[in-house]
Structures are given as C-alpha cells and as structure tokens.
Amino acid sequence: MLLHIPNVLDAAALARCSALLDRADWTDGRVTAGSQAATVKNNLQLPEASPLAQQLRAVALEALSKNPKFFSAALPKRIYPPLFNRYGGEANSFGNHVDNAIRTHPASAQHVRTDLSFTLFLNDPADYDGGELIIEDGMGGRAVKLPAGHLILYPSYSVHRVEAVTRGARLACFSWLESMVREPQQRELLYELDMSIVALRGEQGETDTAVRLTSCYHNLMRMWATV
C-alpha cells in the first residue's frame, strides 16, 4: 500500500523546519546507506547526532504522533529517528535500491525492522525540477512529488529511487518504521476497517453497528499485533 498523507506538518511547523534548514551543514548521504544502496546514492544528509537534526527530528516526530491517519496505516511500534536529506547541485539522485531489512541506531544500538518507509517533503515542488520519488509497483512505477508538509508511506521492500534534481534543491525528512502488525495485508485490512468505522461514525454517529465493527477491529488487533 502506498499512502499519501497530506498536511502532516502545518504552516508553523514548516516555517520552523525552513528556518532550521537554512543553517544546515550537510554531509555525504552515503553514511547511512547499505552496501548496495551506497553504489547508487548521491545526496547530502544532516549528521544524525547534530543538534540541528535533533531539533528537526523533534518537530517531525511530534507531528507524526498527532496524525491519526499515519497511526492507523502504520501502527508504529518503533520509528527509526528521522533523517533529513538534500538533493541538488552535484549531489542530486539516488538510483534503484531496496531499504535494509534491519536498521540499527548507532547511539542506542536499538534494532528496527523496516516494514514501512516514509518521505516527508519539506519544500514545495515549485522550488526544484526533477526529484520525483519513484516507487516500483509492478506496473512501471509510481512517481511521487508532494507539496511541503505532505508524506508518502510505502513498503520498505519496494524497489525505489529518487530522480535527478536538475534545478533548485529538494529537501525532505525520511525514515523507516517497524509496525505492530508485520504482515502488509493485515495492516491494509485494519486500515480500511478503521477508516470505514470513522466514516460510519461521521455519517450516523455512535450506532450499534459502529460499536460492533469497532469490536471486530480491536479483536483483529489482538490476534495480529505484537507489542
């Protein structure tokens, strides 16, 4: 499932990120790449432990924690501390690759199984040409280039790439997460059920049908979730 989640960051959060990114000291992005990805990765990143990255990370994580659609779709158990990258100039593309199955945070030594990946766009498409995230889906690939503050959530096992930026700079937050529900089909079913319950409640209120469906949702979570 590829899921576009709009307005994860509001105007105030985007302004905060923009002000911080204006002071960014970028380094080679290959530092977080696996052996295969490093051969095709050509971008810049903020050092994970830098104070600036920590401030940006706090903004992103707060926004994610408040977004019900993100939680419903991802059911996050662990989120690898978000990272920040820049494409533009000589560092401007990332060829086809698959994300590592396990990410280990260097400071905490905590392992995160990468069930889902996300990219949170930090500047508008008008700021740059190119830079599309291409996610292979067996039908030629999906091109994703979203407004600032919008997020794309997609399976970490997908082959994906970032096309070359030919003008300007593309700024984004990205990371991986381990879900409480490991199987993609189960997560998708739970998400569709949850969204249907939300829609039913919005149309009809707290009916007996809504209560029964909510019971089904939570009982499926009990069957499938690992916490």
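Let's start in the middle of this predicted model. The largest nonpolar core has 33 residues, and those touching the most other members are Leu-9, Phe-70, Leu-122, Leu-151 and Leu-153. Helix 2 gives the largest share, 7 residues.

Leaving aside residues up to four places away in sequence, Leu-153 touches Met-1, Leu-2, Leu-3, Phe-70, Ala-73, Ala-74, Leu-116, Ser-117, Phe-118 and Leu-177. Elsewhere there is a second, separate core of 12 residues, with Tyr-87, Phe-94, Leu-133 and Ile-135 among them.

Now back to helix 2, which spans residues 51-65. From first C-alpha to last, its 15 residues reach 21 Å, close to the 21 Å expected at 1.5 Å a residue. Its buried residues are Leu-52, Ala-53, Leu-56, Arg-57, Val-59, Ala-60, Ala-63 and Leu-64. Why do these residues lie on the same side of helix 2? Because they cover an arc of only 160° around the axis. The face turned away from this buried side carries the exposed Pro-51 and Ser-65.

Here are the elements that the buried residues of helix 2 pack against:

| Partner element | Residues |
|---|---|
| Helix 1 | 11-21 |
| Helix 3 | 68-74 |
| Strand 6 | 83-87 |
| Strand 10 | 116-121 |
| Strand 14 | 151-155 |
| Strand 17 | 170-179 |

Definitions and conventions. Residues are numbered from 1 along each chain as its sequence is written. This is a predicted model: local features need pLDDT of at least 70, side-chain atom pairs count only at pLDDT 80 or more; totals for chains, interfaces and linings use all residues. Side-chain values use heavy atoms; hydrogens and water are left out. Helices (H or I, at least four residues) and strands (E, at least two) are DSSP runs, numbered from the N terminus. The expected span of a helix is 1.5 Å times one less than its number of residues. Buried means under 20% relative accessible area, exposed over 50%, partly exposed in between (1.4 Å probe, protein chains only). The arc is that of the directions from the helix axis to the C-beta atoms. Contact means heavy atoms within 4.5 Å. A nonpolar core is a set of buried Ala, Val, Leu, Ile, Met, Phe, Trp, Tyr and Cys residues joined through side-chain atoms within 4.5 Å.
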